[in-house]
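Subject: the model for you to look at

Hi,

Here is the structure I said I would pass on.

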Amino acid sequence: MMQEIVNLLSGVVSLACVALILLAVSSAMSKSMHILTACIIALVLLGIFFKLCRLIFAPMLAVCSISIVSGINKFLGAVMGAAEACLLTYVSYKVLAYFGIYVL
C-alpha cells in the first residue's frame, strides 16, 4: 500500500509539474512575467513538498519489509490498486462521454 501511495503521489506531482511548465512557457511567450514568476515559485515549492514527502515515506517503506506488516501491506496495496483502476476507468469513460465518443 505504501508503494502504491508513493507511486500515486509521484504521478500527481509529475502532472502538476508538467502543467506548471506548460503554463510558464505560454506565459513567457505572451510576456506575462507575473504568471511566469508564480509558476517558477510553484515549481520550487512543489519540489520542496516532494522532497519532504520522500523523507516521510522512506522510513515507512522500510517498516513495510517486516513480515507481519508485509502481508497487510500487500493486501491493502492490491485493494488500492483496484480502486485506482476503477477511478481511472471512470475518468476515462467520462472523458470519452464528454467528447461524444461512446464505447458501449
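S27 sits in helix 1, which covers residues 2–29 (helices are DSSP runs of H or I with at least four residues, strands are runs of E with at least two, and both are numbered from the N terminus). This is a predicted model, so local features need pLDDT of at least 70 and side-chain atom pairs count only at pLDDT 80 or more, while totals for chains, interfaces and linings use all residues. Residues are numbered from 1 along each chain as its sequence is written, and side-chain values use heavy atoms, with hydrogens and water left out.

Back to S27: its relative accessibility is 3%, so it counts as buried (buried is under 20% relative accessible area, exposed is over 50%, partly exposed is in between, with a 1.4 Å probe and protein chains only). If you skip its neighbours within four places in sequence, S27 is in contact with S32, I35 and L36, where contact means heavy atoms within 4.5 Å.

From A16 to L46 is 30 residues in sequence, and their C-alpha atoms are 8.4 Å apart.

I also checked the length of helix 1. At 1.5 Å a residue, its 28 residues should span 40 Å, and the end C-alpha atoms are 41 Å apart, which agrees (the expected span is 1.5 Å times one less than the number of residues).

Which residue takes a positive phi just after helix 1? That is K31, with a phi of about 60°, although K31 is not a glycine. Most residues other than glycine have a negative phi. K31 is placed in the loop between helix 1 and helix 2, and at 69% relative accessibility it counts as exposed.

Now the surface. V63, I66, I68, V69, I72, F75, L76 and V79 form a nonpolar patch, with about 730 Å² of accessible area together. For the cut-offs, patches take residues with over 30% relative accessible area and no salt bridge, joining like charges within 9 Å and nonpolar side chains (Val, Leu, Ile, Met, Phe, Trp, Tyr) within 5 Å. A salt bridge here is a side-chain nitrogen of Lys or Arg within 4 Å of a carboxyl oxygen of Asp or Glu. Areas are Shrake-Rupley with a 1.4 Å probe, and for residues only the protein chains shown count as cover. Helix 3 (residues 67–98) gives the most to this patch, with six residues. V69 is found in helix 3 and is partly exposed, at 32% relative accessible area.

Finally, the whole chain. There are three helices and zero strands, in the order α-α-α along the sequence. The radius of gyration is 19 Å, well over the 13 Å that the globule rule gives for 104 residues, so the chain is more spread out than a compact globule (C-alpha atoms, with the rule being 2.2 Å times the number of residues to the power 0.38). Along the principal axes, the C-alpha atoms fill a box of roughly 55 × 45 × 10 Å. Of the 104 residues, 13% are buried. The chain exposes about 7800 Å², with carbon and sulfur atoms supplying 80% of it.

Cheers
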